[in-house]
Structures are given as structure tokens and as C-alpha cells.
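User: I'm new to this one. Can you walk me through it?

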Amino acid sequence: MEHEFLLLSLLFLLPGGVIWLARPDLRALMKRMALAALPFAATERLFYPEYWTPKFLFDLADRIGFGVEDMLFLAGLSAFSSTAYAVVFRRAPVPCSPPAARPWSRLDRPWLRAARPWLRAAAAIASVLAAAGVLLAAGVPVLYAAVAAMMAVSAALLAARGDLLVPTVLGALLSAAVYLGLCLVFAALLPGVFARTWRPSVLLPGRALLGVPLDEILYGLGAGFAATVFPAWAFEFRYAKAARVPPARRAG
């Protein structure tokens, strides 16, 4: 197949599609994460062709530095990595108790309260991009710089929200497992694709799990770590036990 990345991106949309249908209570979180993930599409120019050499639709990676596949891939990755913990452990996002209002303060204006979560999200995203840039300038290979930046900023967020430690660790492990499963399906559909399209690892040369480069699994782990803590910190929610929907009565 000529467009391997397109196939991989479509595969990554499947778990999120299932979660979207099965857990309507997580749809708002998935939409927020898809929007927050979009800026990272522009980082494809750092991965291509240093890390891998897929064929992009309309050769967009050569023209503008990223492609349609990047946006699809990030939408799918953000959907399942941000909700894996909530789905498996039957948890739901619940708003944290708001701080006491101070009507006399200019900082408590309604429009600012509504914008504050997105300002926090933008600050965290900018921090990840800046940290990755520093690591790249220091000579760290791009994939490891990306994972290290995600983990470092996420660790800083955990310092402020210690209650998210267990969900974040479990979310990272679950995300890595889903990531690995999707890569195994991808490899089964396109035998030898990792050997053809991915370049040899710098820090983990020749290392693979069931034929999938450990680099990719590491990326899935980092994405799950960040995607579990980041939205809960930025949008100020916690994970609580999800309410069970009572079974429908039998007809007759």
C-alpha cells in the first residue's frame, strides 16, 4: 500500500469511535483533547524524514511540513489515550469544587472564568513544545525529545494534582497497550511496514515487541501519561465512579 500512514491513522480512529458511541459522557473530553492535539500536527516536519518516511496524501509533508494523516492520527490518539483509564475503570470526569467566588475581583469576571481552562491548556502545550525544542537543540533525537517533554510537563502537573497520579500511570499503561494492539493490526495488514518505513532507532536499535519498534510503544506510553493528567489539570476535573445505566425493562 502506498499510503501507509493514512491506514495507520484510520486504524487509530477506531477505538475513539467505539468510545464515542459507548460513553457519551466522555464526548466533551474527547472533543477538547482533539482540539488541544491539533497544534502538534505541525511537529511532523521534525519526524519526517528523520524518523520515518511514509507517503503523504498530496505530498503535503513535503509542501507544508505535515499532512491530513497527522490530524487524523492525533485525533484518534488523543481520543483513546485521554479516555482509556475512564473506560477500563468505569470512571467519569467530575468538576472539582470551584474556589470561593470573589465578585469584587476583576479576575472573577465570567468571560475570564470561561477562558481560563483554555489559557491553562495553551500554557501546558507551549511548555511541551518549548521543552521538546530545548531537547532537540541539545541533540536528543526527535521521538525521545517529544516523549521526554510530555513526561516532564506532565510530572509538573502531577506535582500540583497529586490525586491524578494513579489515573495517570494506569492511563499511560492502557494507552501503550492500545497503541501496541493497533500497531500489531497495522503490521498484519502491511507485512514488513516497520522495516520499510521506519528508520533504525537511535537509542533502542533493533529493539521491538512482537515486531513493533519499542520507540512507538514508548510514544504511546508518553501520550497516555500526558493525555490523562493534562485535561484534568487544565479543565479542573477529577475522576469519579461512573453512574451505571439501569438495564431496560423487558417488553411484556
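User: How do α7 and α10 run, roughly parallel or roughly perpendicular to each other?

Analyst: First, a caution: this is a predicted model. Helices α7 and α10 pack at an angle of about 30°. Angles under 35 degrees count as roughly parallel, so α7 and α10 are roughly parallel to each other.

User: How far apart are their axes?

Analyst: The axes of α7 and α10 are 9 Å apart. Helix α7 covers residues 142-160, and α10 covers residues 214-234.

User: And is the crossing of α7 and α10 left-handed or right-handed?

Analyst: That crossing is left-handed.

User: Which residues meet there, α7 against α10?

Analyst: From α7, they include L143, V147, M151 and L158. On the α10 side, Y219, G222, F225 and F230 are among them. The contact residues divide into 18 nonpolar, two polar and two charged.

User: Switching to the core. Which residues touch the most other members of the largest nonpolar core?

Analyst: F73, F186, Y219 and F230 do, in a core of 68 residues. Helix α10 gives the most to this core, with eleven residues.

User: What does F186 touch, leaving out residues up to four places away in sequence?

Analyst: F186 touches E4, L7, L8 and L11, and also V193, F194 and W198.

User: New topic: V169. Where is its place?

Analyst: V169 sits in helix α8, residues 165-189.

User: Is V169 buried or partly exposed?

Analyst: Its relative accessibility is 37%, so V169 counts as partly exposed.

User: How far apart are the C-alpha atoms of V169 and G222?

Analyst: They are separated by 10.0 Å. Along the chain, V169 and G222 are 53 residues apart.

Notes: Residues are numbered from 1 along each chain as its sequence is written. This is a predicted model: local features need pLDDT of at least 70, side-chain atom pairs count only at pLDDT 80 or more; totals for chains, interfaces and linings use all residues. Side-chain values use heavy atoms; hydrogens and water are left out. Axes are lines fitted to C-alpha atoms, for helices over the stretch in contact, and angles run from 0 to 180 degrees between N-to-C directions. Helices (H or I, at least four residues) and strands (E, at least two) are DSSP runs, numbered from the N terminus. Angles under 35 degrees count as roughly parallel, over 145 as roughly antiparallel, 65 to 115 as roughly perpendicular and the rest as oblique. A crossing is left-handed if the near helix is turned anticlockwise from the far one by less than a right angle, and right-handed if clockwise. Contact means heavy atoms within 4.5 Å. Ala, Val, Leu, Ile, Met, Phe, Trp, Tyr, Cys and Pro count as nonpolar, Asp, Glu, Lys and Arg as charged, and the others, Gly among them, as polar. A nonpolar core is a set of buried Ala, Val, Leu, Ile, Met, Phe, Trp, Tyr and Cys residues joined through side-chain atoms within 4.5 Å. Buried means under 20% relative accessible area, exposed over 50%, partly exposed in between (1.4 Å probe, protein chains only).
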